[in-house]
Amino acid sequence: MSARVAVVYFPGSNCEHDVAAAVKSLGAEAEIVWHTRSELDGFNAVIIPGGFAHGDHIRPGAIAQFSPVMGPIATAAAEGYPVLGICNGFQVLVETGLLPGALMRNDGLRFLCEMVTCEVVSTSSVLTSGSTPGEKLALPINHYEGNYTCDQETLAQLVKNGQVVLRYCDNPNGSTGSVAGVRNLAGNVVGLMPHPERAMEALLGSRDGRGLLAAFVGAATQLAPARFEAA
Amino acid sequence: MKFSVHVEVRGLPGIADPEGRTIERALPALGFSGVSSVRVGKVIAFDLEATDEGAARAAAEEMCARLLSNPVIQRAEVSIHSS
């Protein structure tokens, strides 16, 4: 089965074309879909790209959680389909409650736009199943509110359950436990602050995002494209 | 009845407050010493039509839980005055 990825965009998203180009370069089909859609039909994966959905008003992701398209996305997540949130998409997934924790302003209140080194922690997720634990990846970050925050009890649970998928080697933003990416319990929903879609070619500074997105696309091909509506 | 609602959103105790910490580090540079425990929050004020104060409070608290604050990292305090 081929992968058919819905790349969902909101007013203020700005990475949807990069994400679509990245997954297409891996042989998947990608369609950019608007946030007012109340159904997603014929897809076997969803990616929420980066940007500033609804202008980040109130908090990043706070308003996006009420966009109609979040209904079918929650259904796809519950049915085990791969769902990925990158940067602002990660913020949307935590605000929606599909992933644990929250993303606060960076420690030091600096907008960070740089290449960072991340370490793969858990490989039991749709994003990291093709990686090896401890593998180092060069990935770009580009955010002001990427400081992953949760209480110590939650962090201990995440670590115990293998829900931390990526960790910063040199914590740039104050994230609790240096967390750069987390997954849900089932492993099919993943959010991360770094941008794998911007690390697809050596010419762009790194191609370490390829393996991550290739694993994600590969997970999609295991499932038949389906129609999703709000539960 | 019309009520004026005042919501104060603050970080939960124990949750890092990067903005508060930056202010705390900046104040001594201006000559203000002895400042500690700076916490930064947000105030949201609006008018609300409701049958009575209890209904206004219940509605405002639900707004806080679902949109105005993120309960994972913040707590919201609601105060209500008839206007």
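I began with helix α1 of chain A, residues 16-24, and found A:E16, A:V19, A:A20, A:A22 and A:V23 buried. I then asked how these residues sit around the axis: they cover an arc of only 160°, which puts them on the same side of α1(A). A reminder to myself: this is a predicted model.

Next entry: what covers the buried residues of α1(A)? I noted the strands β1 (4-9), β2 (29-34), β4 (45-48) and β5 (83-86) of chain A, and helix α5 (209-221) of chain A, among the elements that do.

On to the nonpolar cores. The largest one holds 77 residues, and I listed the members that touch the most others: A:V5, A:V7, A:V23, A:A45, A:V46, A:I47 and A:F216. Helix α5(A) gives this core its largest share, eight residues. I also found another core lying apart from it, with eight residues, including B:V5, B:C64, B:L68 and B:A76.

Setting aside neighbours within four places in sequence, I found A:I47 in contact with A:V5, A:V7, A:V19, A:L84, A:I86 and A:G89.

Last entry, the two chains together. I looked up how many residues of chain B are in contact with chain A: ten, facing 16 residues of chain A. Helix α1 of chain B, residues 18-26, gives the most to that side of chain B, with three residues. By class, I noted six nonpolar, three polar and one charged residues on the side of chain B that touches chain A.

Technical notes. Residues are numbered from 1 along each chain as its sequence is written. Chains are lettered from A and ligands numbered from 1 in the order in which they are written. This is a predicted model: local features need pLDDT of at least 70, side-chain atom pairs count only at pLDDT 80 or more; totals for chains, interfaces and linings use all residues. A residue is buried if 20 or more other C-beta atoms lie within 10 Å of its own, exposed if 12 or fewer, and partly exposed in between; C-beta atoms are placed from the backbone. Helices (H or I, at least four residues) and strands (E, at least two) are DSSP runs, numbered from the N terminus. The arc is that of the directions from the helix axis to the C-beta atoms. Two residues are in contact if their C-beta atoms, placed from the backbone, lie within 7 Å. Ala, Val, Leu, Ile, Met, Phe, Trp, Tyr, Cys and Pro count as nonpolar, Asp, Glu, Lys and Arg as charged, and the others, Gly among them, as polar. A nonpolar core is a set of buried Ala, Val, Leu, Ile, Met, Phe, Trp, Tyr and Cys residues joined through C-beta atoms within 7 Å.
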